[in-house]
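Please look over the structure shown here before reading the briefing below. The notes are grouped by topic.

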Amino acid sequence: MTNHQTKSWILNAMVAALYIVLSLLVSVLNLASGAIQFRISEGLNHLVVFNKKYIWGITAGVLLFNAFGPGNSIPNVIFGTGQTLLALLVVAYISPYLPKMWQKMALNTLLFTVSMCLVALELKLTLNLPFWWTYFTTAVSELIIMTVTAPIMYYLDKFVHFNQRIED
């Protein structure tokens, strides 16, 4: 394993750990799972617009939190992690064709908001929550978090340089 690969693994492990910690902080208020999900950690989804290699750390964080955090279940792991991975892969594929960072972040925000239908479906199947209302509440929650964190991540990148941290 090369130094670049080791660095990539370490950074992704740190992203996964940060996702879990931020999710646990919100779970104290019962806002990390269920029909209303204000996971501040979802802001880390914006890392994919800086470099697609962050996909693995974000996905691992979601998987581990959904597997071992509050509201853990196999369907939560499958649907929640699947929703994240699917949205991240689509953003990673499309965003190189967008010239401006705000366009990439807007696409990311939109895709994550729309793809919350998978989380709503999981909550319908497991908790028998009404699909359309649950889709509305989870999508609005995601839209708010992703919209608020986009400028924060953009600003942080000016100092941290996310793309340079995880090299090809």
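Predicted model: local features only at pLDDT ≥ 70, side-chain atom pairs only at ≥ 80, totals over all residues.

Residues are numbered from 1 along each chain as its sequence is written, and side-chain values use heavy atoms, with hydrogens and water left out.

**Aromatic pairs**

- Rings of Phe, Tyr and Trp (for Trp, its six-membered ring) are paired if their centres lie within 6.5 Å, and a pair is called stacked with planes under 30 degrees apart, edge-to-face with planes over 60 degrees apart, and tilted otherwise.
- The count under this rule is seven aromatic pairs; among them, Phe 131 and Trp 132 are edge-to-face, because their ring centres are 4.9 Å apart and their planes stand at 80°.
- Trp 132 also pairs with Tyr 135 in a tilted arrangement, at 6.1 Å centre to centre and with 50° between the planes, and the ring pairs thus link Phe 131, Trp 132 and Tyr 135 into a cluster.
- Both Trp 132 and Tyr 135 belong to helix 7 (residues 131–160), where they sit three residues apart, about one turn of the helix; helices here are DSSP runs of H or I with at least four residues, numbered from the N terminus.
- For accessibility, buried means under 20% relative accessible area, exposed means over 50%, and partly exposed lies in between (1.4 Å probe, protein chains only).
- On that scale Trp 132 is exposed at 65%, Phe 131 is partly exposed at 23%, and Tyr 135 is buried at 18%.

**Helix 4 against helix 6**

- Two packed helices are described by the angle between their axes and the distance between the axes.
- The axes of helix 4 (residues 74–94) and helix 6 (residues 116–127) come within 8 Å and cross at roughly 170°, where axes are lines fitted to C-alpha atoms over the stretch in contact and angles run from 0 to 180 degrees between N-to-C directions.
- Helix 4 and helix 6 are therefore roughly antiparallel, a term for angles over 145 degrees.
- The contact (heavy atoms within 4.5 Å) involves residues including Phe 79, Gln 83 and Leu 86 in helix 4 and Leu 118, Leu 121 and Leu 125 in helix 6.

**Selected single residues**

- Val 77, in helix 4, is buried with a relative accessible area of 17%, and, not counting residues up to four places away in sequence, Val 77 touches Leu 63, Asn 66, Ala 67 and Gly 82.
- Asn 51 is placed in the loop between helix 2 (47–50) and helix 3 (55–68) and is buried at 6% relative accessibility.

- Most residues other than glycine have a negative phi.

Methods:
Helix = DSSP H or I, 4+ residues; strand = E, 2+ residues; numbered from the N terminus. Parallel < 35°, antiparallel > 145°, perpendicular 65-115°, else oblique.
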